[in-house]
Amino acid sequence: MAAGPGDPVRRRAAGARFFCTVGRGLEPFLMREVRARLEASEVEYILGKVFFTTCSDLNMLKKLKSAERLFLLIKKQFPFNVPSVSKGKLFSEVQRLINDDPESWLNVISIWKNLLELNAKKENLSQRDANPQKIKLGKNDTITGKKLKTEQMQEMEENRECQLEKQIEETLEQGDSLTKREKFQEEEFQNDAAKAVDTHKENNLTFRVSCRCSGAIAKIFTAQEIGRIVGIALMKQFGWKADLRNPNLEIFIHLSDIYSVVGIPVFRVPLASRAYIRTTGLRSTIAWAMASISEIKAGTFVLDPMCGFGTILLEAAKEWPDVYYVGADVSTSQLLGASDNLKAAGLKDKIELLKVSVIELPLPSESVDVIISDIPFGKKFKLGKDIRSILQELERVLRVGGTVVLLLSEAHHRRLKDGEGRSIPLNSKGGHTDELGVAKCLIPEEKTGIAKTVSPSLEASNQECLDKMPPPFGSLVPMECYKVSLGKTDAFIYKYKKSHSSGL
């Protein structure tokens with residue numbers, strides 16, 4: 001029988017519709033990443049969220065680096081017209097999110113279950129292939145075979161216990177790359193898969209609702225009230241049961257003045273929560289975004305001269321392993337934290353750490369291909385030297401054609417803009433690049449179709465940010481600029497290219 005238009009198998013073949021939450025300012029990075037990494041189509045964004053369609057499985061989706069959380073999309077629509085309706089009318093409008101199109105809910109639930117079940121089957125096949133092959137016995141070998149099987153089982157159990165003890169010892173002594181957080185995340189994922197397999201009928205599902213309200217609707221309803229309204233509608237429409245502690249399914253709703261979005265979290269653990277980072281410093285999504293536009297290639301020399309806990313180098317080394325990485329810092333405590341992170345991530349042999357000052361780097365002039373660094377804002381760690389002194393040393397060690405990507409505060413920006421630089425003329429395009437950073441890094445051979453990854457409004461935002469950039473600093477020419485949110489404060493990701501020999 002041919003599959004109908006609403007059939008989940010047919011919809012899955014055409015690709016499922018997802019959205020990711022993303023830090024403010026990182027939308028263009030995620031848009032380009034989903035195109036490059038997942039071959040996604042229909043990529044669009046609203047503030048803090050990126051929507052896309054892909055046929056990728058969960059193992060590929062888990063590799064997204066610039067996203068916070070991943071959801072299967074159920075509904076996306078215009079916001080409720082709050083000022084023109086009463087509270088009772090708004091109550092009915094919220095219920096219509098479920099009641100107007102129940103079929104779309106069931107289709108997305110089917111896709112969600114299929115994704116988890118498919119992944120569980122792949123995991124089982126992988127584990128079965130990893131197990132030793134069973135010995136085939138003839139009819140006359142039944143008794144001998146049983147004895148042999150018993151002996152083998154005992155021997156395997158003893159070997160397993162010995163291996164387990166050895167693994168525990170190695171973990172304590174060396175710091176195995178599979179950390180407790182990785183095990184926890186894997187267990188959470190397997191639990192989700194098991195629940196999906198156990199709930200073949202939609203009316204057997206248990207659920208809870210997570211809700212966010214902002215703008216005008218938040219003045220009328222609390223998130224708890226919206227959650228209660230949606231929960232009652234789901235129970236009446238589908239016969240599901242509410243379970244706030246351990247549900248099969250979580251429904252996420254965000255209502256604002258810009259949009260109304262409903263989805264299903266694909267993973268319980270956020271994508272931005274890196275299992276391989278033991279001690280957190282700079283947010284991992286920001287670190288990856290910086291590395292993604294730095295034009296890292298195999299065999300290059302990458303330096304972080306103020307590495308802190310090494311987050312930027314960790315993100316870069318996980319994505320581009322065949323590179324020589326060096327992290328430097330003047331703080332012993334920061335280097336100890338970085339060393340712990342490298343050990344936990346299994347990258348101790350990939351990244352070299354040095355205790356040196358950023359203005360006295362023990363490196364020959366024009367010897368580094370890429371420099372990436374989070375310059376301290378002066379709140380937690382005081383910047384002993386002026387930002388211009390730091391840039392001068394970075395300019396010295398960077399080769400001609402090399403890239404510098406820095407995370408700078410507004411105070412740094414003002415110092416650079418007010419200072420007197422050894423400027424050089426910009427090229428005919430104003431020294432700007434074509435916003436291809438992420439796609440070029442992830443798929444170097446791809447040359448077409450990338451310009452569509454960023455919408456005109458994002459390009460305009462980037463142009464506005466670029467217009468506010470400082471003038472060229474000597475041979476370092478500003479190329480790209482992104483204003484990003486760090487939570488309580490904003491910062492700027494600046495990309496420079498070295499145009500000619502500095503003569504330092």
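**Helix packing and salt bridges**

Student: Does α9 pass α10 in a left-handed or a right-handed crossing?
Tutor: Helices here are DSSP runs of H or I of at least four residues, strands are runs of E of at least two, and both are numbered from the N terminus. A crossing is left-handed if the near helix is turned anticlockwise from the far one by less than a right angle, and right-handed if clockwise. The way α9 passes α10 is right-handed.

Student: What kind of model is this?
Tutor: Residues are numbered from 1 along each chain as its sequence is written, and side-chain values use heavy atoms, with hydrogens and water left out. Local features need pLDDT of at least 70, side-chain atom pairs count only at pLDDT 80 or more, and totals for chains, interfaces and linings use all residues; the model is predicted.

Student: Which class of angle do α9 and α10 make?
Tutor: Axes are lines fitted to C-alpha atoms, for helices over the stretch in contact, with angles from 0 to 180 degrees between N-to-C directions. The axes of α9 (residues 284-292) and α10 (residues 311-319) come within 8 Å and cross at roughly 60 degrees. Under 35 degrees is roughly parallel, over 145 roughly antiparallel, 65 to 115 roughly perpendicular, and the rest oblique. So the relation of α9 to α10 is oblique.

Student: How many residues of α10 are buried?
Tutor: Buried means under 20% relative accessible area, exposed over 50%, and partly exposed in between (1.4 Å probe, protein chains only). In α10 the buried residues are T311, I312, L313, L314, E315, A316, A317 and E319. The helix is largely enclosed by the rest of the structure, because the buried count is 8 of the 9.

Student: How far apart in sequence are the parts that R274 and E315 tie together?
Tutor: A salt bridge is a side-chain nitrogen of Lys or Arg within 4 Å of a carboxyl oxygen of Asp or Glu. R274 and E315 form one at 3.0 Å, N to O. R274 sits in the loop between β8 (260-265) and α9, and E315 in α10, so the bridge joins parts separated by 41 residues.

Student: Which residues are linked with E295 in a network of salt bridges?
Tutor: K495 pairs with E295, the closest N and O atoms being 2.7 Å apart. K495 lies in strand β15 (residues 490-498) and E295 in the loop between α9 and β9 (301-304), so parts 200 residues apart in sequence are tied together. K495 is buried at 2%, while E295 is partly exposed at 26%. Linked with E295 in the network are E480, K495 and K497.

Student: Where does R399 lie?
Tutor: D369 forms a salt bridge with R399, with 2.5 Å between the closest N and O atoms. The pair links distant parts of the chain, 30 residues apart: D369 is in strand β12 (residues 368-374), and R399 in strand β13 (residues 398-408).

Student: How many salt bridges are there by this rule?
Tutor: The pairs of R274 with E315 and D369 with R399 are among them. The count comes to 17.

Student: At what angle do α4 and α8 pack?
Tutor: α4 covers residues 87-99 and α8 residues 223-238. Their axes are 9 Å apart, at an angle of about 50 degrees.

Student: How far apart in space are L70 and I264?
Tutor: L70 is in strand β4 (residues 69-77) and is buried at 3%. Beyond neighbours within four places in sequence, its contacts include F18, F52, I264 and L271. L70 and I264 are 194 residues apart in sequence, yet their C-alpha separation is 8.4 Å.

Notes: Contact = heavy atoms within 4.5 Å.
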